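This report describes how parts of one protein chain pack together.

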Amino acid sequence: MPVPVIMPQLGESVVEGTISKWHKKEGEKVVRDDPLVEITTDKVNIEVPSPASGILSKVLVQEGETVPVGAKLGVILLEGEKAETEEPAKTEGETVKSKILEEPAVAAELAMKERSEATRYSPAVRRLAREYGVDPDKLQGTGVGGRVTKDDIMAYVERQAEEITEEEFDLNPEFWVKVVQKSVKAEGKTENGEEIIHLSAIRRAIAKQMLKSKREAPHVTTWDEADMSRWVDFLKKHSGEIEKKYNVHMTYMPFIIKAVVYSLKEFPVLNSSLEGDDLKIKKYYNIGVAVARDSGLIVPVVHSADKKSVMEIARELDELKKKAVSDKLTLQDVHEGTFTITNAGGFGALASTPIINFPEVAILGIHKITERPVVVDGEITKRWMMNLCLSFDHRVVDGAPAVQFLHRVKEYLEEPERWLLDLL
């Protein structure tokens, strides 16, 4: 019997995905386990293999469309099967979509009928519309038959985020529609020579995640600074030896991760997430490290960092970075992070106010290590200093524990012999 292609479970807290590319067209042969369709989420790109060998009979979800986990994406006919006699059973919504794909004339009628029904928007669209105060009746949908999709809602919200203040989100829908109509532009060149580029699926996912974090988690950022002179001297003396002996290019990051883990154990509220009215304190330490790519920022995760040596973390970081740059990360590589570190210092930044990797409750920004004058024991001397910036969710974390946590990270970096207590 025909084999459905199903949107797979994409990991914790991931409920939907966007079809970024079909590797096969309708009518083409497919081979079991060969890449069939690429899916983009707010965390990662993945390739879904073909569940069977045969012919891709139907593509039910087109490129650019977003559908929930469990949705039927297509249908594969096995050898000897015929489409007209082997059509699989469909849900009510899928029946409508299939008819739209097959019969354009009927599609318009069905779409018009849908719009006259109270349930013409999917639950996800209605939820987003309520969440952001958007009237979907006022939007021009880009889905099949002109239906408003989740992407339409989020694109609308994202376009306005750069231009409209928080207070203006509470204005009436008619106001928003007018603003949108003024801001929507076609891709290409404008009369003034400006270039309009539509956001990629990954960039839209990043924008959506950033907007969600800033809207739901009230951010506060606190600063501190760490004397990194001992680490600078250590790596100057031993980085070559480490690379030769262990074939690993050692950086400061593995040591910083260790310092963060030790500090999280002392301030567990920083290693938590807020779920409804419940605070979920994590007893495991999965540290995400932001990696910049041409296609957009991504946060691979070093799982169980508390149980790994500095050398093991260094190797894993090196591997994750290579996979991130080559777009080879798996869901497991970006799954279940509990705390994130972002390094703007590699690009020369001395300070920043990083956005929390929601639903985590804090993120640590580290920055360029610079040699500058400081006062030590009443004397002016030179030290290699690094600024530390911690953004935290003020719904969950008060200022005092946030400041204390950051200061403890500083102490662990400046006095690494503190770690020896755990190694004895």
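## Helices H9 and H10

The axes of H9 and H10 come within 9 Å of each other and cross at roughly 120 degrees. Axes here are lines fitted to C-alpha atoms, for helices over the stretch in contact, and angles run from 0 to 180 degrees between N-to-C directions. Helices (H or I, at least four residues) and strands (E, at least two) are DSSP runs, numbered from the N terminus. H9 and H10 are therefore oblique to each other; angles under 35 degrees count as roughly parallel, over 145 as roughly antiparallel, 65 to 115 as roughly perpendicular and the rest as oblique. The crossing of H9 and H10 is right-handed. A crossing is right-handed if the near helix is turned clockwise from the far one by less than a right angle, and left-handed if anticlockwise.

On the H9 side, the contact is made by Met253, Pro254, Phe255, Ile257 and Lys258, and on the H10 side by Val310, Ile313, Ala314 and Leu317. Contact means heavy atoms within 4.5 Å. By class, the residues of this contact of H9 with H10 are eight nonpolar, no polar and one charged. Ala, Val, Leu, Ile, Met, Phe, Trp, Tyr, Cys and Pro count as nonpolar, Asp, Glu, Lys and Arg as charged, and the others, Gly among them, as polar.

## Basis of the model

This is a predicted model, in which local features need pLDDT of at least 70 and side-chain atom pairs count only at pLDDT 80 or more, while totals for chains, interfaces and linings use all residues. Residues are numbered from 1 along each chain as its sequence is written, and side-chain values use heavy atoms, with hydrogens and water left out.

## Helices H9 and H11

Helix H9 (residues 253–266) also packs against helix H11 (residues 399–414), at an angle of about 135 degrees and with the axes 9 Å apart. That angle makes H9 oblique to H11. H9 passes H11 in a right-handed crossing. From H9, the contact draws on Phe255, Ile256, Ala259, Val260, Tyr262, Ser263, Leu264 and Glu266; from H11, it draws on Phe405, Arg408, Val409, Tyr412 and Leu413. The residues of the contact of H9 with H11 comprise ten nonpolar, one polar and two charged.

Tyr262 lies in helix H9. Its relative accessible area is 11%, so Tyr262 is buried; buried means under 20% relative accessible area, exposed over 50%, and partly exposed in between (1.4 Å probe, protein chains only). Tyr262 and Tyr412 are 150 residues apart along the chain, and their C-alpha atoms are separated by 8.0 Å.

## Nonpolar cores

In soluble globular proteins, nonpolar side chains tend to be buried together. The largest nonpolar core in this model has 55 residues, and those with the most contacts inside it are Ile257, Phe339, Ile341, Leu364 and Leu390. A nonpolar core is a set of buried Ala, Val, Leu, Ile, Met, Phe, Trp, Tyr and Cys residues joined through side-chain atoms within 4.5 Å. At least two residues of this core come from each of helix H8 (229–246), H9, strand E14 (287–289), helix H10 (310–325), strand E16 (339–343), strand E17 (362–366), strand E19 (379–393) and H11. H9 supplies the largest share of this core, nine residues.

Leaving aside neighbours within four places in sequence, Leu364 is in contact with residues including Ile256, Val260, Phe339, Ile341, Leu390, Leu406 and Val409. A second, separate core of 19 residues includes Ile19, Val48, Val61 and Ile76.

## Backbone exceptions

Most residues other than glycine have a negative phi, and most peptide bonds are trans. Phe358 and Pro359 are joined by a cis peptide bond, with omega about 15 degrees. Pro359 is found in the loop between E16 and E17.

Asp327, in the loop between H10 and E16, has a positive phi near 60 degrees. With a relative accessible area of 39%, Asp327 is partly exposed. Asp377 has a positive phi of about 55 degrees and sits in the loop between strand E18 (370–376) and E19. Asp377 counts as exposed, at 78% relative accessibility.

## The chain as a whole

The secondary structure of the chain comes to twelve helices and 19 strands. Of the 424 residues in the chain, 44% are buried. Among contacts between residues at least 6 apart in sequence, 60% join residues at least 24 apart.
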